[in-house]
Amino acid sequence: MEVRNIIHRWRALRRANGSLKPVSGVRPPGLSPFITVDNMGLKFTDSQIQHLMEYGDIDWTDMEFDDAAARDKEFSSQFSKLKSVNDKGIKALFDDPHNDLTDLENRIRDKLKSRGFIEVHTPIFVSKAALAKMTITEDHPLFKQVFWIDDKRALRPMHAMNLYRVMRELRDHTDGPVKIFEIGSCFRKESKSSTHLEEFTMLNLVELGPDGDAMEHLKMYIGDIMDAVGVEYTTSREESDVYVETLDVEINGTEVASGAIGPHKLDPAHDIHEPWAGVGFGLERLLMLKNGKSNAKKTGKSITYLNGYKLD
C-alpha cells in the first residue's frame with residue numbers, strides 16, 4: 001500500500017500543477033524503476049462511470065484501484081453517497097419549489113426590461129424560404145442540422161429570422177431604437193456532447209438603431225446578461241458561418257454566446273438598413289457552467305432531470 005500512497009500523492013501534485021496525463025519517462029518519487037504508473041491498478045468500468053456521472057459531476061476516469069474488489073467497493077460507496085445527496089435535493093424542492101432554468105430566464109427578463117427591451121414570442125415552425133434568407137441553404141453547414149417537418153417547413157434552429165421580421169414591423173411605430181428579445185426552444189441535430197442539446201433554450205436580443213456605437217451597446221448587453229447569471233466571462237472575436245465575424249462569450253474556455261453588429265450583408269433581404277447589435281445565448285449551457293454540472297442535459301428540458309437532480 002505504500003507504493004499506492006506514493007502514486008496518489010504524486011498524482012495530486014501533478015493535478016495541482018495542471019497536468020493529469022502521464023509523462024513519458026517520469027515516475028512518482030520513491031517508486032521502483034521496475035513499476036510504471038500506466039500499469040498500476042484498475043479503473044472504474046465505463047458502466048460504473050456512467051452511473052456515477054448520472055448522479056454526480058466529478059470526473060472519475062483517473063481513479064485507480066489495487067484490484068476489482070477494491071474498485072467495486074469504492075463504486076458502491078460513492079454511488080450510495082451521490083444517490084443520497086440527489087434524493088435529498090429532490091425532496092427539498094417540495095419545501096422550496098422552484099426551477100433553476102425558469103429562475104435564470106426571469107432574472108434575464110428583469111434585466112432586459114429595465115433596459116427597455118420588449119419580449120416577443122414567435123412561431124417554432126419556420127419556412128424553408130425564411131431559412132434561405134439567412135443563407136441557410138443546402139450548401140450551408142447548418143442546413144444538415146435542421147429538423148425538417150416537410151419539404152417546406154422546419155423547426156427553427158435560431159430566432160434570428162423571426163426577430164428580423166418583428167423588428168422591421170416595429171420600426172415603423174417609433175422614432176427611437178427598437179429593442180426586442182425572445183427566450184424559447186430552438187432545435188438542431190447535434191453530435192453527442194456534454195455541452196450540446198438537440199432542443200435547447202435560446203435567448204436572442206437585438207437593438208435596431210442604437211443611440212451610439214453598436215459594438216459598445218453589444219458589450220453592454222452581454223455584461224447585463226452575464227451579471228444576471230452571476231459568473232465571470234471573457235469575449236473574443238471569431239469567424240462565423242452566418243455573420244462573418246462574431247463577438248463570442250466564454251466561461252472558462254467554453255462558448256456560451258455569440259454576438260454580432262450590423263449593417264450586415266443579410267440585412268437587405270429583410271428590409272433592414274440601420275445599424276444594430278444582437279447576441280444569442282444558450283441558457284442550458286450557461287446554467288450548467290454556473291451550477292458546476294457535468295452535462296447540459298441536467299439543466300435543460302427533461303423528464304429525467306430536474307434542477308440537476310436525477311428523477312429515476
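Helix H4 buries Leu-101, Leu-104, Glu-105, Ile-108, Arg-109 and Leu-112. Buried means under 20% relative accessible area, exposed over 50%, with partly exposed in between (1.4 Å probe, protein chains only). Seen down the axis of H4, these residues fall within an arc of 140 degrees, so they line one face of the helix. The arc is that of the directions from the helix axis to the C-beta atoms.

This is a predicted model: local features need pLDDT of at least 70, side-chain atom pairs count only at pLDDT 80 or more, and totals for chains, interfaces and linings use all residues. Residues are numbered from 1 along each chain as its sequence is written, and side-chain values use heavy atoms, with hydrogens and water left out. Helices (H or I, at least four residues) and strands (E, at least two) are DSSP runs, numbered from the N terminus.

Stay with H4. The face turned away from its buried side carries the exposed residues Asp-110, Lys-113 and Ser-114. The buried residues pack against strands S3 (118-119), S6 (178-187) and S7 (199-208), and against helices H7 (214-229) and H8 (283-290). Contact here means heavy atoms within 4.5 Å.

How far apart are the end C-alpha atoms of H4? They are 21 Å apart, which agrees with the 21 Å that its 15 residues (100-114) should span at 1.5 Å a residue. The expected span is 1.5 Å times one less than the number of residues.

Now look at the ends. Asn-99 caps the N-terminal end of H4, with a side-chain oxygen 3.0 Å from the backbone nitrogen of Leu-101. Gly-116 follows the helix, and its phi is positive, near 90 degrees.

Next, move to helix H6 (residues 160-171), where Arg-168 lies. Is Arg-168 buried or exposed? It counts as buried, because its relative accessibility is 18%. Its side chain makes a polar contact of 3.4 Å with the side chain of Glu-169. A polar contact is a pair of N or O atoms within 3.5 Å; within protein, one must be able to donate a hydrogen and the other to accept it, and residues adjacent in sequence count only if both atoms are side-chain atoms. A polar atom of the Arg-168 side chain also lies 3.4 Å from the backbone oxygen of His-270. Beyond four places in sequence, Arg-168 touches His-270, Asp-271 and Ile-272.

Finish in strand S11 (residues 276-282), at Ala-277. Ala-277 is buried, with a relative accessible area of 0%. Its C-alpha atom is 6.8 Å from that of Met-215, 62 residues away along the chain.
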